[in-house]
Amino acid sequence: MWKDYSKSYIKNNRASSISIMAAALAATMFLSLLCSTAYNFWIYEVEQIILEEGGWQGRIVCDKFETDDLCMIYGFANVEKAIINEELSRPDEIVIDVYFQNARNVYHDMPLISAQLGLNKDSVQYHSLLLSRYFIHDPEDETPPMLLALYVAILMIVVLSLILIIRGSFELSMNARIHQFGIFSSIGATPRQVRNCLLQEAAVLSIAPMILGSLLGISISYGLIGTINLFAAGVSERHEAVFHYSPAIFAFTILISVLTVLFSAWIPARKLSKMTPLEAIRNTGGLLLRKRKHSRILSMLFGMKGELAGNALKAQKKHLRISTLSLLLSFLGFSIMLAFTTLADISTRYTYFERYQNAWDIMITLKDTELSDFGLTKELQHISGIQEASVYQKAEAMTLLPEGFQSDELSSLGGLASIAEAPKTKNMFQVSVPIVILDDTSFLNFCSQIGITPSLGGAIVLNQIWDSTNSNFRHKKYVPFVREDNQTTMLYKNDKSVDIPVLSYTQSVPLLREEYKNYALVHFIPLTMWNEALEQVCEAESDSYIRILSNGTASLSDLDRMEKEIVQLISPEYQTESENRVQERLSNDNLIYGMKVILGAFCVLLAIIGIANVFTNTLGFLRQRKREFARYLSIGLTPREMRDIFCIEAFVIAGKPLLITLPLTVLFVQFAVTASYLEPMVFWAEAPIFPILIFAAAIILFVALAYYIGGKRLLRCDLNETLRNDALV
């Protein structure tokens, strides 16, 4: 009986059934998109970590190692392989990378392996970053990573949101049948039978949409990964993302979707099944308009029609809550996203591209190469279009600065202790000394640039420190760091130290694409001095760099040509990574545009959910609105006045999120501009006002369309007949 009734109802009430199917389709598609995209981002991050740091899970560092020890490691049942890391190993230190079959036992097995080798716990290292991506953390760590908890929390928030959205569709359908189920209850139907009937209908209507929605979500995720690859094609040190999918993800998506849809249907079904037969039979299905609820603002603006529209909106407040929230979040997210990306673009342009546009055109990174081992500096000058080529390497040391060596300007600001947190012992400050090692030719050119006699017999000291008291990071002011009467500098690293002569102090820097520390005493030294005095004291970074400056008229094609020629010249002997300034700018623009497209698409999806809810409520409440407007007709309202009431309702539903969002967006912009120390007019000159207005107009248009369709269908009916006929529509 119930089965035949459900089939008959679904067949004769296509509008209600389509509404439920559309809600299930949208929910499953969103869940599938979320799960598939999150899975691919996780796979990509794991791949990136393995490419950069290796896929080992445990590492053993020891001073001596024998072949029998390697066999002993292989003897552990969970060990997949153990490899001596030739790159990191040195004559006095052997590094062994250990791979496990079941990585979850790494924190248990590694101490056992080290104990078997007779080593202490300090000789064991764990690939914590990679293990954390597999949700494996150290059991002794009191603050384990919360990544898995974050993923679960996001999924639960999305599921709860979708439950609230889908529930509206089921509730509208079920509320329209309260009178019928009251009759069924009066002839013996139990609450459980009523509830099961409604849940069976929900399952029948949702199976096909859930499968289709899952496939659509997978397809959108596939397109999203392709879009990201397209926009990030020129980004250096990035590998191309490949779309991955797993049957387990599909099963998980379907399971979550089924639970979401059934729970969404169960909430109104349970409420309906608890009604007594008398309450259900007496229910007229109309809106509960209450006289004590006044809409003062609408009444003041639109008179009696505003009061009626306000009462109707308050009666539908519960059902329109999701629409209002979705439209509010979508418009707010879209506005703030555009404002944020615009600010990020301005900031990157000012602090990177425009700041260094005259310092470099091509940057080559020589991987694991000492500056003294590079022998192609002269050959670079023979490539057509190159104006200047500098090869350099970086290192780090420390120096002890007596309090009396600080400059007068720095002392007047309160000294180093008031500006920077520099450690102090016995009236001596420990100051960081970044070292830039230039090839001899570039160093001699730098000497000429600052007006001193070119020499390779000393260092040039960048004598400046950021005055953070009287300036901000956007517009930095500098004061001299030290007195310039000191002719030598003592540099030390660990237990070794050396005194080097100072050729000059300067506030100028060579044309390099480098950002120097704010509270450090930067030293520029020639390669000759590094080899003679500092190489045994300080350990340089593993990579060297080549900075290429073109003749100033080079186009993108010219830079591409030069970059290819340089790489072809260097790559047979050295492992390199190259960057092109113009291409880097285009890649940055593409990334920002891609971020706008992707985040904007999610905002549009939120807006679609809100608008779909508006359509569902407008068309789903057709019977209730017919009775409502039939009463208005009976007291003298004209069809034109009833259309005006619909227009007022549409204006409130669409306008409320916009009116709330605009002040919040302005406040966010004001806060962000102030925090980034940008001039407000710099932002407002590039503010994305036009896209925001288009998004707002689209929301207004679709809400108006929903009310236009509903109003047209309503006014086409015989409203006088509605007062006498309580049949279902």
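The structure is predicted, so to speak of local features a pLDDT of at least 70 is needed, side-chain atom pairs count only at pLDDT 80 or more, and totals for chains, interfaces and linings use all residues. Residues are numbered from 1 along each chain as its sequence is written, and side-chain values use heavy atoms, with hydrogens and water left out.

Strand 1 and strand 4 run antiparallel and are joined by 3 bridges. They belong to an open sheet of 4 strands in the order 2-3-1-4, with antiparallel pairing. Strand 2 and strand 4 (124-126) are at the edges with a single partner strand each, so one side of each has no neighbour in the sheet. On average, neighbouring strands here are turned by 25° against each other, direction ignored. Strands (E, at least two residues) and helices (H or I, at least four) are DSSP runs numbered from the N terminus, and two strands pair if DSSP finds at least two bridges between them.

## Strand 3 and its partners

Strand 3 (residues 94-100) pairs with strand 1 (residues 58-62) in the antiparallel sense over 5 bridges; here Val 95 is the bridge partner of Val 61. Strand 2 (residues 79-84) also runs antiparallel to strand 3, joined by 5 bridges, and Ile 84 stands opposite Ile 96.

In a regular strand, side chains alternate between the two faces of the sheet. On one side of strand 3 are Ile 94, Ile 96, Val 98 and Phe 100, on the other Val 95, Asp 97 and Tyr 99, and all are buried (under 20% relative accessible area, with a 1.4 Å probe and protein chains only).

## A helix across the sheet

Helix 4 (residues 106-116) lies across strand 1, strand 2, strand 3 and strand 4, and runs at about 160° to strand 4. Such angles run from 0 to 180 degrees between N-to-C directions, with axes fitted to C-alpha atoms, for helices over the stretch in contact; contact means heavy atoms within 4.5 Å.

## Two helices packed together

Further along, helix 12 (residues 304-315) packs against helix 22 (residues 639-675) at an angle of about 55°, with the axes 9 Å apart.

Definitions and conventions: Buried < 20%, exposed > 50% of the residue type's maximum accessible area, 1.4 Å probe, protein only.
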